[in-house]
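Subject: Structure for you to look at

Hi there,

Here is the structure I promised to send over.

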Amino acid sequence: MTRNRASTRYIVIHSSATPPNMPVDAATIDRWHRARGWLMVGYNRVIRRDGVIEQGRPDDAVGAHAGPDYNAVSVAVCMAGGVAEDGKTPEANFTPEQWASLEKLVREWKDRYPEAQVVGHRDINSTECPSFAVKEWAASVGL
Ligand SMILES: [Zn+2]
C-alpha cells in the first residue's frame, strides 16, 4: 500500500523523457516502474500527449520520483514527452493541450497545498528533467 505524506512542500514537474511521437500514459509508466521493483507508477499524475490528466498514485500518497527526501514532501506530475526524436536530447516539445492541462492541475494543487513551491525535477536533483524552466513557466502563467 502507498502511504500518505505528512506535508506537501513541493509540486514537482517531470517529463517521461520520451520522444514526442511515443504515446505514453499512466499504464505505460506503471509497467516501467513495476519493472524496477516499485509498488506502482511513481508519479501522482501523468499528462498524456493529448492533454488528458491521468491518476497515478493517489494525490496524497508518497511518490517515487525525486529521491526519498523529496518524495516524502512532494506531489508529482509527469508530462509525456520531453526529449527529441533521438530519444535523449532534452526538448520542451509538449503539446498545447499538455501545457493547458499542466496549468490547470498545478492551480488545483496550489489550492489544495497552498504552502507548496512549484519546481522542476532538475531544480532539486541532478537531471535535465523536465526539459524546461519550471519557475519561469509558473511565473509566466501567474502561478
Ligand atoms: Zn523527472
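This is a predicted model: local features need pLDDT of at least 70, side-chain atom pairs count only at pLDDT 80 or more; totals for chains, interfaces and linings use all residues.

Residues are numbered from 1 along each chain as its sequence is written, and side-chain values use heavy atoms, with hydrogens and water left out.

**The zinc site**

The zinc ion has H14 (ND1), H121 (ND1) and C129 (SG) as its protein donors, at 2.0 to 2.3 Å. Donors here are N, O and S atoms within 2.8 Å of the metal (3.2 Å for Na, K and Ca); water is not among the atoms, so sites may look incomplete. Along the chain, the donors are spaced as H-x106-H-x7-C. H14 sits in strand 1 (residues 10–15) and C129 in the loop between helix 4 (121–124) and helix 5 (134–140), so this pair ties together parts that are 115 residues apart in sequence. Helices (H or I, at least four residues) and strands (E, at least two) are DSSP runs, numbered from the N terminus. Both H14 and C129 are buried, meaning under 20% relative accessible area, where exposed is over 50% and partly exposed is in between (1.4 Å probe, protein chains only).

Most residues other than glycine have a negative phi, and most peptide bonds are trans. The bond joining C129 and P130 is cis, with omega about 5°. P130 belongs to the loop between helix 4 and helix 5, and S131 lies in that loop too. S131 has a positive phi near 75° and is buried, at 13% relative accessible area. A17, in the loop between strand 1 and helix 1 (26–35), also has a positive phi, of about 55°; A17 is partly exposed at 44%.

**A buried aspartate**

D59 is in the loop between strand 3 and helix 2 (68–71), and with 7% relative accessibility it counts as buried. Its side chain makes a polar contact with the side chain of R45 at 2.8 Å. A polar contact is a pair of N or O atoms within 3.5 Å; within protein, one must be able to donate a hydrogen and the other to accept it, and residues adjacent in sequence count only if both atoms are side-chain atoms. Leaving aside residues up to four places away in sequence, D59 touches R5, N44, R45, V75, W109, R112 and Y113, where contact means heavy atoms within 4.5 Å.

The buried residues of helix 1 are A26, T28, I29, D30 and H33, and they pack against strand 2 (45–47), strand 3 (53–55) and strand 4 (74–79).

In helix 3, the buried residues are Q98, S101, L102, L105, V106 and W109. Viewed down the helix axis, they fall within an arc of 130°, so they line one face of helix 3; the arc is that of the directions from the helix axis to the C-beta atoms. The face turned away from that buried side carries the exposed residues P96 and D111.

Best wishes
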